[in-house]
Amino acid sequence: MGNAVHYGDVATPITVTVAGNDPDAVTINVHNLGSSIPLEAQKSIFQSWTRGHDDGSPPEHSTHLGLGLYIAKLIVEAHGGEISVASNEETGTCFSIRLPRR
C-alpha cells in the first residue's frame with residue numbers, strides 16, 4: 001500500500017481487492033495508476049536492496065532502502081504463497097499476493 005501511495009497518480013484511486021472464490025487460495029491485489037515500473041525493474045523488484053522506481057532523489061538521500069518488497073516476498077513465501085507484479089502504462093501497476101487456504 002505504501003508504494004501505491006508513494007508512486008501512484010494522486011488524482012486516481014488506489015484499489016485493493018480480496019478474492020476468495022478460489023477454493024484453494026485467497027488473492028489480494030493492490031492496483032494504482034501512475035508511472036509504470038520498467039520491465040527490467042519488474043524482474044528484480046523483489047530482491048533485497050532493490051529500488052523499483054527512481055523517485056528523483058539521490059540514492060544517499062532516499063528514505064527507501066529497497067527491502068520492503070523483499071521482506072513482503074519472504075513473508076508471503078513463508079506462508080506458502082506467491083507475490084508478483086504487473087505494470088505497464090495502459091493498465092497501471094498491480095501487486096498480487098496469492099495465499100493458499102491451509
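This briefing covers a strand hairpin, a nonpolar surface patch and the salt bridges. The model is predicted. A search of the whole structure finds three salt bridges.

**Hairpin**
- Strands E1 (residues 15–19) and E2 (residues 25–32) run antiparallel and are joined by five bridges.
- Five residues lie between E1 and E2 in this hairpin.
- Valine 18 has isoleucine 28 in E2 as its bridge partner.

**Nonpolar surface patch**
- Met1, Val5, Ile14, Val16 and Val18 make a nonpolar surface patch of about 460 Å².
- Valine 5 sits in helix H1 (residues 2–7).
- Valine 5 counts as exposed, because its relative accessibility is 55% and the cut-off for exposed is over 50%.

- Aspartate 22 pairs with arginine 98, with the closest N and O atoms 2.7 Å apart.
- Aspartate 22 is partly exposed at 25% relative accessible area.
- Arginine 98 is also partly exposed, at 37%.

**Salt bridges within helices**
- Glutamate 40 and lysine 43 form a salt bridge at 3.0 Å, N to O.
- These two residues are three apart in helix H2 (residues 39–44), so about one helical turn separates them.
- Both glutamate 40 and lysine 43 are exposed.
- Lysine 73 forms a salt bridge with glutamate 77, with the closest N and O atoms 3.2 Å apart.
- Lysine 73 and glutamate 77 are four residues apart in helix H3 (residues 68–78), so about one helical turn separates them.
- Lysine 73 is partly exposed at 27% relative accessibility, and glutamate 77 is partly exposed at 40%.

Terms used:
Residues are numbered from 1 along each chain as its sequence is written. This is a predicted model: local features need pLDDT of at least 70, side-chain atom pairs count only at pLDDT 80 or more; totals for chains, interfaces and linings use all residues. Side-chain values use heavy atoms; hydrogens and water are left out. Two strands pair if DSSP finds at least two bridges between them. Patches are made of residues with over 30% relative accessible area and no salt bridge: like charges are joined within 9 Å, nonpolar side chains (Val, Leu, Ile, Met, Phe, Trp, Tyr) within 5 Å. Accessible areas come from the Shrake-Rupley method with a 1.4 Å probe; for residues, only the protein chains shown count as cover. A salt bridge is a side-chain nitrogen of Lys or Arg within 4 Å of a carboxyl oxygen of Asp or Glu. Buried means under 20% relative accessible area, exposed over 50%, partly exposed in between (1.4 Å probe, protein chains only).
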